[in-house]
Amino acid sequence: MRTPAQLKEQFVAPLLALYDRQEAETILRWLLEDWLNTPWKVLMAWNAADWAAHSEEEFWALHARLLKAEPLQYVTGKAHFAGRTFGVGPGVLIPRPETEELLGHALHAMGNSPSGRVLEVGTGSGCLAVSMALEMPTWRVTALEVSEDALERAKDNALRLGTQVDWVLGSVLNEATLPLWQGFDGLVSNPPYVVSEEASAMRPNVLQYEPHLALFAPSHDPLIFYRAMAKGGLTWLKPGGWVWWEINEQAGADLLHELPIWGYKNAKVVNDAFGRPRFVWAERAA
């Protein structure tokens, strides 16, 4: 097998139809590190004999999947989140950097108490719930997910990373599927918030492969999941209990208007690291 320097242009050039050059080169590095289970710096020092033990045919088969816009995380079966590796696959939303920021906000809120209970709605791979449980081991974490396949993946991630989460299969839009929850200190969620009008601007690796169930909210009611969580939170949360939500950049003003009507106070929109309005915080009023 050729060295990464020899593979680079042959690998990168066809991917430029899908990604910019820096992204394509990063994909090459991550793919080789994962496939060969070897850090990039070590790979750079390999000689011809080191590479000869590996099959170029297998490598180019993985490349072919990438050329069909399949996300790298599905090709490798892994996604990195907050310094840990989570198993992902078709039917499971790939964790985003913005959701790492949401985790930071939630951990800051949780840190105000030595122990408590927090609920995540729409856990997907479990990256948020598992990370909260690992970072705040004195807290009890519960996670809700509508997809049975995603929930099984989340359970596997928790088991592999060595933590305990209370998993619930159900939908925040269907009260009959939910336990009679009470006593939570906080609620965290990255719910579906993309509307269909935004689909044309989405990359094919997202639109063609990632679960629409976890991405899209109905255009006629884009706040449907937030409204359902707010309604449920009036029962689930203690008085003064908090919510941290990831949001569509266009939804902040509407949520600030609706949250007091829904029974919440001190609502605020928080920008992400790029200055975009991507999070909302609020407290249960009574």
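User: Two strands pair if DSSP finds at least two bridges between them. Over how many bridges do S1 and S2 pair?

Analyst: This is a predicted model, in which local features need pLDDT of at least 70 and side-chain atom pairs count only at pLDDT 80 or more, while totals for chains, interfaces and linings use all residues. Residues are numbered from 1 along each chain as its sequence is written, and side-chain values use heavy atoms, without hydrogens and water. Strands (E, at least two residues) and helices (H or I, at least four) are DSSP runs numbered from the N terminus. Strand S1 (residues 78-81) pairs with S2 in the antiparallel sense, and the number of bridges is four.

User: Is Ala 82 buried, partly exposed or exposed?

Analyst: Buried means under 20% relative accessible area, exposed over 50%, and partly exposed in between (1.4 Å probe, protein chains only). At 29% relative accessibility, Ala 82 is therefore partly exposed.

User: Within what arc do the buried residues of H9 fall?

Analyst: In H9 (residues 148-161), the buried residues are Ala 150, Leu 151, Ala 154, Asn 157 and Ala 158. They line one face of the helix, because seen down its axis they fall within a limited arc, taken from the directions from the helix axis to the C-beta atoms. On the other side, Glu 148, Asp 149 and Leu 159 are exposed.

Notes
The expected span of a helix is 1.5 Å times one less than its number of residues.
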